[in-house]
Amino acid sequence: MRILMVHGIAQGGRKEAELKQIWVETLQEGFGEAVKPWPKKVEFDFPYYGDMLDDFVAQANLPSPATVRAKGAGQNLDFERFMQSALDQLQAEGGISEAEVRDEMPEGASQEKGIQNWGWVQAIARAIDNRLTPASNFTIELFLREVFLYIARRDVADAINAKVVEKLTAEPTIVIGHSLGSVVCYNVLKAQRSRLDLRGFITVGCPLGLRAISTKLGVVSNVADPKRWFNAYDDADIVALNPLDNRWFPVQPKITNHGKVHNNTENRHGIIGYLNDAKVAAQVAAAME
Amino acid sequence: MKKAAVVIGVNKTGGLVPLASAAAEADRVADWLAAEGFKVKKLTDAKGAVTSAAVAKAVAAFVTPVPRFHLLVVYFSGHGYWQARSDLWLLSGAPSKPQEAINLRAAIDLARYSGIPNVVFISDACRSIPNARGGAYVDGIPAFPNYDDIVSESKIDAIKATSEARPAYEGDIGGTQRSVLTAALMSAYEEPEPKMVVQLVEDGRQIEVVPNRRLEDFLQRKVDALMARVDPSATQTISVNVPSAEEVYIAQVRRPPAAPPPTRGPAPIGPGPPAPPGPARTSPIADAGRAAAAAVHSALSERNFAPRAAAVLSFDVRTERSVARRMPDPKHDHFESQTGFFVRGAIVHEAVASSFRRDLVAERLEAGDGADRQAIVRLRLSAAMEVPEKSAISVTLRFADGRCAVLAALAGYIGHATVKADGLTNVSYVPSTNHGRWQDYVQRQGELDRLRAMVAVAADRDAFHLRSEREAQALAEHIRVVKSIDPALGLYAAQAFAQAGNDTQVALVRAAMADDIGADLFDVRLLLGRRFRGGDLRYPVVPFCPMLTQNWNLLVGRGIPLPGPLEEARRGLCDSLWTTFDAEAGTIVLDAVKRGALR
C-alpha cells in the first residue's frame, strides 16, 4: 500500500524530506485520535514542486497591487478577472461585509465595484486576510496567484502534474491532496485514473468549491469513482469554505464531505490541522482495508 | 459522456399560420434523444404557451456555472424570422411580444462560453424576413446564461433547415405531417451511407455513429428528395456549420429491422432511400455563397496561394457577377489625403465624420448618380490635405433615399463601398497608391482583391465557415500583407475564427490590425471574447457601432450597452451584410452624430 501526498502552495524553499515527515507524523497523530493502528506496511510518496512553483511565479510577473496602481488595471485581464471572481465569492461565502472591505480602501478612493476597480478587489483581499488568514506566510492573494498560474497556464500545470505522475505506481494507492495539491490530484487522477490502483481519494482544505477554479477544469467528474472521494474542511478555512456538493461541485457519485474539522492552525488551513483529524485518519485507515 | 437536450416545438405563434408538425416533431426528437441517453427537457405548445422564460429556464438547468455535460443539443421546430442577420425562433407570444423569441446568433455566442465542450443547435424553422413592421421589433433573448468565469470556448455546430431569408417546409411524408429537416436528420441515423458511419468504442462497447461533420451532404440530398414529394416546385437549401471534431456525434446508427417481403396492394408512401448523388435542388442565392465558399476553401488548401491560383478559381455566371461586383474599382485608386471612400450604387447626400477627432473632416466631393458614377468622400485634416498616420474615425454616410451607413475611415486606405437594394453589401479597404502600403499591396493585388470578394460573397450568404485548424492558419497567412492585414479580410477572418471558436486567431488578427491602423474595428474588438472593455486594449474603437449587421446580435449577451440613439436605431437595421439603417433610423443616427452623441 502506498500513500501519495500532494502539498499545496507556499512550500517553496522547504525541504522535501522535512515536509514529508510533517505530513506523516500528523497523519500518525490522526490515527491515534481515531484509535486506529498505524499500518505496518505502507510507503509514502511526496512529490515536491514548491520551488518549481516559486520559479513560475517569479517568471510570470503577474500584476501586483503596486504595479497596478502605477500602470492601471488591465495588464493581465484573465488574472484580474480570476482574482475578482474568486475574491467576490470568498467575500460573499466567507461573510465579509461590504463595510469591512470599504475600511480597507485607501482614503478617498472610488467605491465603484468592478473589474476596472482593482483597488476594491485588493481591499477584499485585505479584509479576508485581516479576518481569516493572519498567518504571516499565507495571504489570500498569494494563494490565488499560485492557483491561477496552475489552472491558467498549461506549461505550469504540465510541469507540476508531471512531478506527481512520476510517483505513480501499479501498487494500491491512497491519494491525499491539500489545498492547491487537491486540484493537482484531481487533474492527475482525471488523466491517469485507469493506470492507478486507487483505493481512496482524500482532499483537505480543498478550493474546488470556488467557481473561479472549478469552471476552469472542464466538465467536472468524480475522479475517484468507483472508490470514495472524501473531502474534509474546516468551515472557517477561507480557501475551502464550500463543500464539494451538488451546488459547488456537482458530480456523481457524490463526494463525501466532512465539514467538522477543527483546524488548529493560525489560518485554519494548514496541513497539520487537517491530517490529525480523527475522521480524516479513519478514512485513510478504511481505504487501506 | 453526459448529454443533454432542450427540445422546443411551437405550432402556433401569434397570428401566423399554425404549423401542423412542429410540436409533434419535438415529441419525436425528444423521444429519440432520450433513447440515446440524453437528459431531455421538452417544451411544446401542445398543452400551453411556450415562453422565452421557460426556454431560458430549461437551458439553465443544463448550462450550470460548473459544467456538467459534454454535449448539449438545442432543437427548435416552429416559425422563424431572419432579422438583423440573425435567426429568431418565434415562441407562442411572438411577434406581438418582441422578447418572446430566441435570438439564435446571440444564443450561439453565449453558448460558446457555456463550458459545455460541444453544443449543437438544430433549427427547423423558416428564415424569412418579417414582412410587417411589428416583425422588425422582435429581437428575442439569448436564452443562455452568461457565466463570466468560463474562459474556454465551446465548439458550436449549427444545422439550419434553410438558407438565409428563405422558408423551410413541412408536409406529408409517409402519411404523416413532418418537418422536412427533422425527417431528414432522423433518417441519417437509420439509413446512413457507409461513408458517413464511424465506429467508436464507448464504455467498452463498439458502436456505430454518424459524426456531425458527415451529415451535411446526406441531409441536403435527403431534404431534396423529401421536398420533391412535399412540393416539387419549392427548394430548401440547408445551412450547416460544423466546427466540432470528427468524433462528435448526436446519435448512434439504429438501422430499422429489414423490411418484410413486398405484399400486394398499393405501396406505402414513405421517405424512401436518399436521393442518388447529383446536383442539389438548392436556391440560386445560396448557391452563389456556397460556390464562393467552396472556392475560398479550395484557395486556402493551395500550398502557395498566388495570382495563378486566383486566376483558376472561376464560377458560374451568377457567382462570377457577385464576385465582380465586390472587386474594388481600379480607376479610383488614390486621394491626396490618402483616405476616403468611393461609393457605387447610391447617391450620397451627406458624409459626416464623428467628433472623436475634431481636426478631421469628411468632404463629399461627388454625390454620384447611384449607378456608374460613383460618390466620392474624402477624409482630411481641416487644416491640411492629409490624414495623420494611424488615425481612424467613424464616418456616417447618408444616401439619397434616407438610409445611412456607418463606416470606419482608416488613414491611408480607400474604402470601396457598394450599395444595393438591401443596403451596404460590400466594403473593400485598399491602400491609396500614394501611401507606403501600396507597394506591398500591389505585389498581391489580383489575389487579394479576388480573395476578399469571394470571402465577401460567402460571408454575405452566411456560408463562410472554417473547417479546420489548418484552414484557419492558411487564412491567417493569406490576409497578411507584409506587416499589415487587409482590413476587410481581417474583419471577415475574425468573424470566421470566432465562429470556429478560435479565440487565439481572433486575438492575433486584432493585434496586427490595431498596430497597423491605430485602432480596433468595433466588430473585431467585439469578437475578441468578452474583452470589449479592458485596460490593455489601448486603441480607440471605430466606428461607434458594429460594421457587420449580424454582430448587433452579440451586444446584449456580451453586456455591451449602446448609446440611446443606437438602441433606438437598431430597430431599423436593413438586411444587408454591412450595417445600414433605414431612413427613419438613419435620421436618428445622423442627428446623434452631428450633436456629438455618437463618436
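B:Trp552 is buried, as is B:Phe581 (buried means under 20% relative accessible area, with a 1.4 Å probe and protein chains only). This is a predicted model, in which local features need pLDDT of at least 70, side-chain atom pairs count only at pLDDT 80 or more, and totals for chains, interfaces and linings use all residues. Residues are numbered from 1 along each chain as its sequence is written, chains are lettered from A in the order in which they are written, and side-chain values use heavy atoms, without hydrogens and water.

Aromatic pairs

- Over all chains, the structure holds 20 aromatic pairs (rings of Phe, Tyr and Trp, the last by its six-membered ring, with centres within 6.5 Å; planes under 30 degrees apart are stacked, over 60 edge-to-face, the rest tilted).
- B:Phe76 and B:Trp89 are stacked, at 5.0 Å centre to centre and 10° between the planes.
- B:Phe76 is in strand 3 and B:Trp89 in strand 5 of chain B, 13 residues apart (strands are DSSP runs of E, at least two residues; helices are runs of H or I, at least four).
- Both B:Phe76 and B:Trp89 are buried.
- B:Trp552 and B:Phe581 form an edge-to-face pair, with 5.7 Å between centres and 90° between planes.
- B:Trp552 lies in the loop between strand 26 and helix 16 of chain B and B:Phe581 in strand 27, so the pair ties together parts 29 residues apart in sequence.
- In chain A, ring pairs link A:Tyr186, A:Phe201, A:Trp229 and A:Phe249 into a cluster.

Helix 13 of chain B

- Helix 13 of chain B covers residues 487-499, and 13 of its 13 residues are buried.
- After helix 13 of chain B comes B:Gly501, with a positive phi near 70°.

Terms used: Expected span 1.5 Å × (residues − 1). Buried < 20%, exposed > 50% of the residue type's maximum accessible area, 1.4 Å probe, protein only.
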